[in-house]
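Student: I have a model open and would like to go through it piece by piece. Could you take my questions as they come?

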2 protein chains.
Amino acid sequence: MSIQCPTPNHEDEVVLLGHGAGGRLTAELLDLLVLPAVGGGTGPLEDAALLPGHPGLVMSTDSFVVSPLFFPGGDIGSLAVHGTVNDLAMRGAWPLALSVSLIVEEGLPLAELRSVMASLGKAAQDVGVPVVTGDTKVVGRGAADRLFINTTGVGQRHELLCPSAALARPGDAVLLSGPIGLHGTTVLSTRERLGFESDIASDTRPLHRLVRTLAPLGAAVHVLRDPTRGGLAAALNEIARDSSVAVEIEESAVPVPGTVASACDLLGLDPLVVANEGCLVAFVDGGVAEGALAALRSLPEGAQAVRIGEVLPQGPRGRVTVRTLVGARRIVEMPLGEQLPRIC
Amino acid sequence: MSIQCPTPNHEDEVVLLGHGAGGRLTAELLDLLVLPAVGGGTGPLEDAALLPGHPGLVMSTDSFVVSPLFFPGGDIGSLAVHGTVNDLAMRGAWPLALSVSLIVEEGLPLAELRSVMASLGKAAQDVGVPVVTGDTKVVGRGAADRLFINTTGVGQRHELLCPSAALARPGDAVLLSGPIGLHGTTVLSTRERLGFESDIASDTRPLHRLVRTLAPLGAAVHVLRDPTRGGLAAALNEIARDSSVAVEIEESAVPVPGTVASACDLLGLDPLVVANEGCLVAFVDGGVAEGALAALRSLPEGAQAVRIGEVLPQGPRGRVTVRTLVGARRIVEMPLGEQLPRIC
């Protein structure tokens, strides 16, 4: 991974909200500070890592700090299960086990904690993954905002699947399993009481069954990624960068629900950078695109799957472009920092 | 697990600091609220869980919220590595992989984050465990206290070892690998500037090599536990409860460093409930006690290992007693709640 911007003098600086937004500032923090310390940073950053000595197993971790804790379509409990299950799925894996670690602010009503845990337990049961271990810490009032949840998962890879952000190839079809923008706009609208939340709901859901339907396509499935923080724009840019390819999508093909479009218009947001928690992007060999679409559409969570673009036969490596409704091309940039804090 | 106290009406109540202290309130929160939601709570609570379908692998998770971030002997970075490595070790496992998930408060100086990450990376390297995946979230000022770190680990069990908190048996020797009370008193003294911190340091260290030296003793190693939150008192009470045995220790045999004793005297603390991060308790068959002690003492981190007590041939099940210096017996109670908040 390369850094385009000049290296700031980090010793004088502090962490910004944007460092956690999944965009360029996050990448910079990881590249310059976190990864060198732990001996990483040489390969592509994947949603989940292979377990050393056990190449059939993958591991993924995520801490959830969403505010508010409850929102239409879900809550921090279900989100914490889906997020990690989906990160495992994006490496072609079926979830075997989850750990759950809570950081609770003193004073949180036990009724709220009970409600979150019930939702978390139900989500895990629906997925079919056991919660095998956990941890609970309590910090004083004001030392945390109500409740944070870390989930870490171990998954078993489908034998034929070995997707990676570095495996996109010219000629690949870019597929999207469903509409974008619902999660981020729902959480933001709920938090700020903008009123859209009565018409929309988060798309938070598990994607492991969608990935299982793609498993028979094996190595023709090149990349799987769920466009969470930083939205579709960040996911596509990461793939284009890690695979050194040029990606182009059709604006008219990207499904943006009407309410999401209205909310984004009002808030000055680009739906391409809004977080999702229930759809995936698949880069598949062009020859199997129709079969992959049919497989995705065979499940309720993929019923609205569409082809949104392709990997260009040639073009600037690492660049993502969108063909607009009027036929022009514009560059889809990697989001810089924070547009929607604490949406997951 | 059984609850002795009457069930309160949880819907009217809120989370207390003591719910995170590793004592009776923590057990109650887990039993009544957390475990039922995730379908657990039927077996003994172990430091790490067996991975379904892969009985040679174990998984453990811990979120670290220690305050301050830096203290004599360590910091939140090294502590986060040692804590999870040790939880894996207590199930007889060697660490294979760690995940690291950060929750950072906006405004944390990057220099501090860099220092913590360097320490974390060094600790992982010293242990010999790779950090394979991670996550970084940033929350606004006031929504977290500087930095929280979750580490989750996967470990490979030593073939001959299968320790469990439920396996203590009458006639077992109770061994302790080193002095107690250093971590908790050091962190508390540093946070409150009590002055003891110039004379003591946290014992935070990895214990996986100590466990490896015990591996040849195989099934004669019945229980391994690191007495962290709630200290030796909580660890022994959990073992006595989960194994339905009576445990007795000799007060004179328990090594308490002079500075720890002074600090505890001043603060009104019992060294038995103060957290440790660098010693382990082993319940081994009485016949192998000398061999186990010799094995522990063969490594620097076990040089001060001692035999502190035994499992009584009969006695009240679940009870822990201490024979005092004057020959009297007193009950070592499970600590109720929080004496030392945020020490790990």
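Student: Which residue in the turn of the hairpin formed by strand 1 of chain B and strand 2 of chain B has a positive phi?

Tutor: Gly53(B) does, with a phi of about 85 degrees, and the hairpin has two residues between its strands. Before we go on, this is a predicted model, in which local features need pLDDT of at least 70 and side-chain atom pairs count only at pLDDT 80 or more, while totals for chains, interfaces and linings use all residues. Residues are numbered from 1 along each chain as its sequence is written, chains are lettered from A and ligands numbered from 1 in the order in which they are written, and side-chain values use heavy atoms, with hydrogens and water left out.

Student: How do strand 1 of chain B and strand 2 of chain B pair, parallel or antiparallel?

Tutor: They pair in the antiparallel sense over three bridges, where strands are DSSP runs (E, at least two residues; helices are H or I, at least four) numbered from the N terminus, and two strands pair if DSSP finds at least two bridges between them. Within strand 2 of chain B, Val58(B) stands opposite Leu50(B).

Student: And what is the strand order of the open sheet in chain B?

Tutor: The order is 1-2-7-5-6, which makes five strands with mixed pairing. Strand 1 (49–51) and strand 6 (131–139) of chain B are the edge strands, each pairing on one side only. On average, neighbouring strands are turned by 25 degrees against each other, direction ignored; angles here are taken between N-to-C directions of lines fitted to C-alpha atoms, for helices over the stretch in contact, and run from 0 to 180 degrees.

Student: Which pairs are parallel and which antiparallel?

Tutor: Strand 5 (residues 93–105) and strand 6 of chain B pair in the parallel sense over eight bridges, and there Ser99(B) has Thr133(B) as its bridge partner.

Student: How many residues of strand 2 of chain B are buried?

Tutor: Eight of its 11 residues are, so that the strand is mostly covered; buried means under 20% relative accessible area, exposed over 50% and partly exposed in between, with a 1.4 Å probe and protein chains only.

Student: What lies across strand 2 of chain B?

Tutor: Helix 2 of chain B does, and this helix also lies across strand 5 and strand 7 (147–157) of chain B, while running at about 150 degrees to strand 2.

Student: Where do helix 2 and helix 3 of chain B meet, then, and which residues make the contact?

Tutor: Their axes come within 6 Å and cross at roughly 35 degrees, helix 3 being residues 110–127. From helix 2 of chain B the contact residues include Ser78(B), Val81(B) and His82(B), and from helix 3 of chain B they include Ser119(B), Leu120(B) and Ala123(B), contact meaning heavy atoms within 4.5 Å.

Student: Is Ser78(B) buried or exposed?

Tutor: Ser78(B) is buried, at a relative accessible area of 8%, and its place is in helix 2 (residues 76–89) of chain B. Apart from neighbours within four places in sequence, Ser78(B) is in contact with Ser119(B), Leu120(B), Ala123(B) and Thr204(B).
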